[in-house]
Amino acid sequence: MGSTKRGAHARRESHRGPVVVCFGEMMINFVPTITGVSLADAPAYKKSPAGATANVAVAISRLGGSAAFIGKVGKDEFGYMLSDILKQNGVDNSGLLFEPHARTALAFYSFKGDGEPQFMFYRNPSADMFLHPEEIDVNLIKKATIFHYGSNSLIKEPCRSAHLAAMNVANMSGSILSYAPNLTLPLWPSTEAAKEGIMSIWNYADIIKVSVEEIRILIEGDDPYDDKVIMKKLYHYNLKLLLVTEGARGCRYYTKDFNGRVSGFEVEAVDTTGAGDSFVGGLLSIVAAHKHIYQDEKRLREALDFANACGAVTATGRGAIPSLPTKDAVLRILLMFSNS
């Protein structure tokens with residue numbers, strides 16, 4: 001499979017401080033124009049740019065940090081649109097490739113009346129799955145203070161090999177490895193395959209963020225709120241920081257020296273899609289500038305308060321990337337809740 005780059009989208013010559021390089025998939029989400037209906041009953045859809053690691057890259061850039069994205073989209077109108085969206089949001093898109101033999105991934109999702117999300121994916125296969133190891137921009141990865149990734153790129157070859165190769169370059173270059181699995185069960189052959197795939201790279205990460213729902217699957221049969229279980233089953237000797245997000249309730253944090261909880265923000269949620277990625281972006285924007293923040297519990301808690309606020313702001317909008325916050329929006333919600 002070949003790939004092409006669009007010449008007009010060259011890398012920015014300067015970066016705003018430490019660079020966070022995000023690796024993964026980017027796609028178009030189609031969201032019903034009204035809430036509380038099934039996909040079949042939706043009268044119309046609105047397209048929304050998305051992709052977990054792309055969301056993180058845009059979040060970091062909107063918050064004033066420096067981010068780059070590595071992945072592959074189709075050599076089609078949606079692919080070019082997504083590339084433009086990265087550029088418009090200040091994300092270095094030089095690592096984004098265009099695949100002529102597969103389309104940009106599409107996903108339809110809706111939150112039905114019962115609040116349960118309903119997903120339908122069109123990626124059989126999609127362009128992101130055709131990223132080859134030899135196509136990766138090694139020099140871009142070597143600039144990364146933090147290298148961030150998920151697990152969807154582990155599902156199929158050749159993208160799995162590309163993911164592992166990129167991780168290796170980042171590790172050898174001294175980057176902090178940040179992992180948010182973003183488990184999407186419908187994309188995996190089975191729940192067991194998903195658990196095995198996610199855990200296959202678990203012990204390489206320096207920072208891991210998982211949701212409490214993901215923990216239920218990863219440690220099936222054990223209490224996902226039991227700190228001792230979390231430390232025994234999910235903490236490993238290389239890990240510097242393990243985070244468990246619980247939506248509006250906030251998050252838990254675990255290091256080798258301390259652990260605790262930071263409360264979230266109760267907001268009128270419209271669409272929680274991308275809120276977890278916004279949380280990650282908020283945290284990594286701070287970690288990039290303060291690499292050893294996980295050694296200082298007070299500063300870590302302040303960073304997690306900021307990250308929780310990022311997630312809360314995103315939940316009040318519709319769609320992932322369109323709802324990612326600016327730093328001013330996050331500071332406003334922090335101020336509002338501190339005065340309440």
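Biologist: Between which strand and which helix is the loop that holds Pro158?

Modeller: Ground rules first: this is a predicted model, where local features need pLDDT of at least 70, side-chain atom pairs count only at pLDDT 80 or more, and totals for chains, interfaces and linings use all residues. Residues are numbered from 1 along each chain as its sequence is written, and side-chain values use heavy atoms, leaving out hydrogens and water. Helices (H or I, at least four residues) and strands (E, at least two) are DSSP runs, numbered from the N terminus. Pro158 sits in the loop between strand E8 (144-149) and helix H4 (159-172).

Biologist: Which residues does the cis peptide bond with omega of about -5° join?

Modeller: Look in the loop between E7 and helix H3 (138-142), where you'll find Pro125. With omega at about -5°, the cis bond there joins Asn124 and Pro125.

Biologist: Which residue has a positive phi although it is not a glycine?

Modeller: Most residues other than glycine have a negative phi. Go to the loop between strand E9 (176-179) and helix H5 (191-199), the place of Asn182. With a relative accessible area of 28%, Asn182 is partly exposed, that is, between buried (under 20%) and exposed (over 50%), using a 1.4 Å probe and protein chains only. The residue with the positive phi, about 50°, is Asn182.

Biologist: Is Asn89 buried or exposed?

Modeller: Asn89 is in the loop between helix H2 (77-88) and strand E5 (92-99). Not counting residues up to four places away in sequence, Asn89 touches Val58, Ser61, Arg62 and Ile321, contact being heavy atoms within 4.5 Å. Its relative accessibility is 16%, so Asn89 counts as buried.

Biologist: What volume does the second largest pocket have?

Modeller: On a 1 Å grid over the protein atoms alone, a pocket is an open set of points where a 1.4 Å probe fits, with protein on both sides within 12 Å along at least five of seven lines. Points are joined across faces, edges and corners, and the volume is the space filled by probe spheres set on them. For the second largest pocket that comes to about 270 Å³.

Biologist: Which residues lining that pocket are the closest to its centre?

Modeller: Lining residues have an atom within 4 Å of a point, and the second largest pocket has 17 of them. H8 (275-287), H9 (297-315) and H10 (327-338) each give two or more residues to that lining. The closest to the centre are Leu63, Ser285, Ile286, Ala289 and Lys327.

Biologist: Which helix do the buried residues of H10 pack against?

Modeller: Ala329, Val330, Ile333 and Leu334 are the buried ones in H10. They cover an arc of only 135° around the axis (taken from the directions from the helix axis to the C-beta atoms), which puts them on the same side of H10. On the other side, Asp328, Arg332, Leu335, Met336 and Ser338 are exposed. The buried residues of H10 pack against H9.

Biologist: How many of the 13 residues of H8 are buried?

Modeller: Among the buried residues of H8 are Phe279, Leu283 and Ser285. H8 is largely enclosed by the rest of the structure, because the buried count out of 13 is eleven.
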